[in-house]
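Here is a short report on one protein model, written for a reader who has not seen it before. Please look over the sequence and the structure first.

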Amino acid sequence: MKRLLLFFTFVFVITSGFSQNIDSLNYVWQDKNRHDTIRLEAASMMARKYLYSEPGKAITITSEMLSFSKKTKYLNWQANSFALTGVAYEIKGDFQKAAENYNEWKNILEKTGEQSKLGMAFNNIGNIYWKQGDLLTAL
């Protein structure tokens, strides 16, 4: 009985902490008085928290991030938005949309010269082809 009570207490603490953290991140994202990059970082963290539990919600957040980063001309945040959106679509099993977003991510990284992340983009694109059984293109 003690173990059961301990288990439910643990689950309650974990889930309430998740909700509280999401609320805080959403507050920062919506606060127009904060610096743009702080707001985008909060949105990115929020999207990451939803990636595996609610990928559709993550896509909604990353779409808002993309619009905002285009408006503010932050190429690095546009790249981040495309990367996270690609992951969310991959989790949902929509490989076509995942590949489109990964390719947009790759294109921005090539423009900005971010070689360190470019390998990750190529890896993710290759994984999409591999999951679709197209091993030659995956290489």
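This is a predicted model: local features need pLDDT of at least 70, side-chain atom pairs count only at pLDDT 80 or more; totals for chains, interfaces and linings use all residues.

Residues are numbered from 1 along each chain as its sequence is written, and side-chain values use heavy atoms, with hydrogens and water left out.

**Overall make-up**

The protein has seven helices and zero strands; both are DSSP runs numbered from the N terminus, helices being H or I with at least four residues and strands E with at least two. Along the sequence the pattern reads α-α-α-α-α-α-α. Of the 139 residues, 37% are buried, where buried means under 20% relative accessible area, exposed over 50% and partly exposed in between, with a 1.4 Å probe and protein chains only. The protein exposes about 8,900 Å², and carbon and sulfur atoms supply 57% of it; these areas come from the Shrake-Rupley method with a 1.4 Å probe, and for residues only the protein chains shown count as cover. Among contacts (heavy atoms within 4.5 Å) between residues at least 6 apart in sequence, 45% join residues at least 24 apart.

**Helix H2**

Helix H2 covers residues 36-50, and its end C-alpha atoms are 21 Å apart, which agrees with the 21 Å that its 15 residues should span at 1.5 Å a residue. The expected span is 1.5 Å times one less than the number of residues. Buried residues of H2 include Arg39, Leu40, Met46 and Tyr50.

**Aromatic rings**

The whole structure holds two aromatic pairs. Rings of Phe, Tyr and Trp (its six-membered ring) pair if their centres lie within 6.5 Å; planes under 30 degrees apart count as stacked, over 60 as edge-to-face and the rest as tilted.

| Pair | Centre to centre | Angle between planes | Type |
|---|---|---|---|
| Trp29 and Phe68 | 5.6 Å | 85 degrees | edge-to-face |
| Tyr102 and Trp105 | 6.1 Å | 50 degrees | tilted |

Trp29 lies in helix H1 (residues 2-30) and Phe68 in helix H3 (residues 55-71), so their pair ties together parts that are 39 residues apart in sequence. Trp29 is buried at a relative accessible area of 5%, and Phe68 is buried at 11%.

Tyr102 and Trp105 both belong to helix H5 (residues 95-112), three residues apart, about one turn of the helix. Both are buried.

Which charged residue sits over the ring of Phe68? The charged end of Arg39 does, 4.7 Å from the ring centre. Arg39 also lies over the face of Trp29, at 5.3 Å from the ring centre. A charge sits over a ring if NZ of Lys or CZ of Arg is within 6 Å of the ring centre and within 35 degrees of the ring normal.
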